[in-house]
Amino acid sequence: MGSATFTFQTAGRVTFGRGARVSAAQAVAAFGTGVCLVRGHSVVWVDALEAELSAAGCSIQSIRCRAEPDIDMLQEALAQIKAGPVDVVVAVGGGSVMDLGKALAALAPGDAPVLDHLEGVGKGLPLRAAPLPFVAIPTTAGTGSEVTKNAVIGVPGSGRKVSLRDDRMLARLAIVDPELMDDAPKDVTLASGLDALVQVIEPYLSKRSNPVTDALCREAIPKAAHALARLLEGEDAQARDDMAFASLCGGMALANAGLGAVHGLAGAIGGRSGAPHGLICGRLLGGVLQANRAALSGLNQQAARFDEVAAHLSQAFGIRTPIDAAAWADMLDSWGLARLGRWMTPDVCLSTVAQDAAVSSSMQANPCTLSEADLVRLIKAVL
């Protein structure tokens, strides 16, 4: 951990703060007049953005993303975007919208089948043509996808969620305005907040961490934990700002240091169950921390990071032993967070899920090797 030789990549430009969205239309129009606008369904401001773009002389193709993107949704949207001239792709929404927009920008200039570029279930080939410029405007604080170089795509036929990944997929511009996240429903705040928390913890514990990602995560871990605790009690503008900042830091960190077993398992579970990604990550966190900490008990420098994370979680959430699967599960139960048994059917082969997780890109950065039996136990504990 903490290697002194490293590279660091992130979005070409990041604008952060309340009101940052005000200049969005002008910034987008600078990339060209043909705009593909990928949007969700819950943020009214997107209508204003579309009107401003039209007033600036842009022609707009609007694509709705109503669920986590899968290969069929992506192929349908690709056919639409290829039908007209597009200079720039803009995504306004949560992590699913970011993933779809990023994938469209990456694949629209090429002509290869989508599976040629997907990891795990496809060939994982690099893009043959440079992506279109991509502008990311997140409306939830969780995935940090506005500053990552991959898009997560579901492949129902394989029961998995996999990544389309290329360094050139980083956004040219990321506009993070916490005001767009105010008053999000509690279930969205909880799931996305847990995702943001996990995504600053795992890069910090990753065997690929470096001094820059360490600095980002050390700042963001306590911010994310305390912000989530405050938002569970009620709306809080400062907590929204802190969570948006933590999510941004998490995206930067994971893009450069990788993740770990939580996300390795989450991809395999999510592809089979359809459970919300943040919920899966939140449920897995306590058990994965416990399993990793136990495996590293003899490695004092690495183990110390787990103790540091535990102290932050304990202080924020008021639990004595957060690196404990049972204690973590009890806390999430008290918050009303569902267990994964609501989505995972009894006929799912947990060994197959564990095997898929073990070969995922996220698992390769985990600070230790967990056995198939370890992974099956972690899955069983959250059902």
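Biologist: Which residue does a polar contact of 3.3 Å join to Lys149, side chain to side chain?

Modeller: This is a predicted model, in which local features need pLDDT of at least 70 and side-chain atom pairs count only at pLDDT 80 or more, while totals for chains, interfaces and linings use all residues. Residues are numbered from 1 along each chain as its sequence is written, and side-chain values use heavy atoms, leaving out hydrogens and water. A polar contact is a pair of N or O atoms within 3.5 Å, one able to donate a hydrogen and the other to accept it, with sequence neighbours counted only if both atoms are side-chain atoms. The partner of Lys149 at 3.3 Å is Asp167.

Biologist: Is Lys149 buried or exposed?

Modeller: With a 1.4 Å probe and protein chains only, buried means under 20% relative accessible area, exposed over 50%, and partly exposed in between. The relative accessible area of Lys149 is 15%, so Lys149 is buried.

Biologist: What is the volume of the largest cavity?

Modeller: On a 1 Å grid over the protein atoms alone, a cavity is a set of points where a 1.4 Å probe fits but cannot get out; points are joined across faces, edges and corners, and the volume is the space filled by probe spheres set on them. The whole structure holds four cavities of 30 Å³ or more. For the largest cavity, the volume is about 100 Å³.

Biologist: Which arginine lines the largest cavity?

Modeller: Lining residues have an atom within 4 Å of a point, and for the largest cavity they include Met181, Leu231 and Met243.

Notes. On a 1 Å grid over the protein atoms alone, a cavity is a set of points where a 1.4 Å probe fits but cannot get out, and a pocket is an open set with protein on both sides within 12 Å along at least five of seven lines; lining residues have an atom within 4 Å of a point.
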